[in-house]
Each structure stands twice: as C-alpha cells, then as structure tokens.
Amino acid sequence: MEYPQQIRFLRSSLMFAGAFSVMLLGGCASVGGGVSAKVAKTTQANYYPACYEPVNHLRASDAAMQKSVTTGAVTGGLLGGLAGALSGGDHAGRNALIGAAAGALVGGAAGYYTERQKQISDDRQRIASYGSDFERSTMDLDRSIVHAKAAQDCYQREFDNLRAAHRNKTMSDSEGRSRFAEILSGLKETNALLAAADGRTGEDIDTYTQAYEKDLQQVGVERQQVAVAAKVESAPAAKPAPAAKPVPQEAVVTEQKIQKASAKRSEAQQVSSRGTGMISSACSNPDLGDWAPDPCTSV
C-alpha cells in the first residue's frame, strides 16, 4: 500500500483546490455577469414607448443570458475541480495534469478549461466544442445589436419629427424639452447597454480563447497554423505552406467562428459609435437649441 504517496497527492490536491477556489470566485464576479445589472434604467418612456421597447428587449435578452456557458462552467469547475482533485482513483493523474494546465490560465478561464476537459476527453471534439461557445456568444451579441439599431432608428425618426414640430410651432416649449430629453436619455441608455453587452462578450471570448489555445498546445498545433488554414479555406485558390503538423479540421472551423465573433464585436462598436454620433448631432443641432437640456450631453 502506498499511503505516503496518496497523502502527498492529497496535500498537493488540497493546495491546488484552495488556490483554484479563490481564483474562480474572483472570476465569477466579472465573467458572465448580467448587463442589466450594470446599466441602470434611466429613461421614462412617457412619449416614445415604441422606441423604448427594443431597449427593454436588450434587457430581456441579457436576463436570459445570465446563465451563460461561462458562468455554468466556472461554477461547475469550482465544484468539480474540488471533487476531482480529492478523488484520486484511475483519473487522479489526468486530473492533476488538467489542474496544472488550468493553473496557467487566468480568471474564469481556469474553471471553464477544467470543466471542458472533464466533460470531453477527446481532443478534437473538445476543440470543436469551443467553436459552439464562440458561435453562441456571437449570436447573443447579434441580438443585442439588432435591438440597439431598432432603438436608434426609432429615436432618430422621433427626433426628426420633433424638429418639424419646432419649426412649425405645433408643440409647446415645455413638451418639446421633455421629448428631447427622453430621446437623448433613450439613446444614451441604449448605448450603455450595448457597450456592456460587448464588454461581456469580450470577456467570454477571452475565456474561450485561453482554453482553446491551451488545447491547441496540448495537441502540438500552433494557433498561427490554424489561422492560416482557416484563411485558406475561405479562399480555396490560395495554397497553404506545409504545416509542421496537420491542423485538425475541428480547429479550422473553430478558428473561423472566432473570426466571426471578432467581426461581430467590431459591428457592435460601430453601432455604439453611431449612437454616440446621434447624441452629439442632436445636442449641436441649431434648430432645437432652445429645447436642448443644459448641459445636453449629461442627459
């Protein structure tokens, strides 16, 4: 019987589990958190409830995403990591290797990586599973972009109507000022929600990427090789240089999904910039200068 060796393993496992717990608990505060919890509801939709409806959809979408893949993986990684580190048995060696690899990752990525390793033992299948998570985050952000655009378009139409009412003197100054303030508030809240959604998506993508790159190292493939192979598949006429090791097709597909996720984040930032431009343009519009809040950009 090898009790001394088991005791040494148990002690090292406990130390790893303790450090792992602290790391994961710190990561839970920032990864997978809800956007609506970070952005206060500041707009009273007295005049433009139809414009505020997409803003409500932004919040509803976020509430549905509270239990994200990352949050579940971090929580599962914490509980499973503690149990796995203490379990020993046939999988003790593999669990120790997983723990050592996870130790090189930061934030919620450690828990996510550990959970994925436990759930999927096949390297290729696991690399493919990361692609599904990148894709899910892309779709979630895309929904936020759609809602933000709808709100922006609606508020822009109402701003144009407000200018016409001011020009034609068909509205009182008091009502005009209130409507102007609501339009600006709705635009600012939309922008804040979209920026927060983009930020959370960025955190998730960073988590997935750390785990994905760690697995590529495990199979002996450089990320740059995968990126080149993914680009070649997008343009079949190009001829790839011979790789040091064949790139798994699962990695190529995942890499392409990473590229789509990056493009979607760029789109979100463009929509956010558009919203900022709309606010600036409205505040500096000479036709409505006497209805604009003072200072305009603080609304």
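At 33% relative accessibility, D123 counts as partly exposed, a class that lies between buried (under 20% relative accessible area) and exposed (over 50%), as judged with a 1.4 Å probe on protein chains only. D123 forms a salt bridge with R126, their closest N and O atoms being 2.6 Å apart, where a salt bridge is a side-chain nitrogen of Lys or Arg within 4 Å of a carboxyl oxygen of Asp or Glu. The two residues are 3 residues apart in helix α7 and are therefore separated by about one helical turn; helices here are DSSP runs (H or I, at least four residues), numbered from the N terminus. R126 is buried, with a relative accessible area of 2%.

The model is predicted, so that local features need pLDDT of at least 70 and side-chain atom pairs count only at pLDDT 80 or more, whereas totals for chains, interfaces and linings use all residues. Residues are numbered from 1 along each chain as its sequence is written, and side-chain values use heavy atoms, with hydrogens and water left out.

By the rule given above, the count comes to 17 salt bridges. One of them joins the side chains of D133 and R116 at 3.0 Å, N to O, and this pair links distant parts of the chain, with D133 in helix α7 and R116 in helix α6 (residues 109–119), 17 residues apart. D133 counts as buried at 2% relative accessibility, and R116 counts as buried at 11%. A further salt bridge is formed by R124 and E250, with the closest N and O atoms 2.9 Å apart; here R124 lies in helix α7 and E250 in helix α10, 126 residues apart. R124 is partly exposed, with a relative accessible area of 43%, and E250 is partly exposed at 25%.

In one of them, the sulfur atoms of C51 and C154 are 2.0 Å apart, and the bond links helix α3 (residues 49–64), which holds C51, to helix α7 (residues 123–168), which holds C154, across 103 residues. Both C51 and C154 are buried. The other disulfide joins C283 to C296, with an S to S distance of 1.9 Å, and the torsion about the S-S bond of C283 and C296 is about -80 degrees, so this disulfide is left-handed. Both C283 and C296 are buried.

Technical notes
Disulfide = S-S within 2.5 Å.
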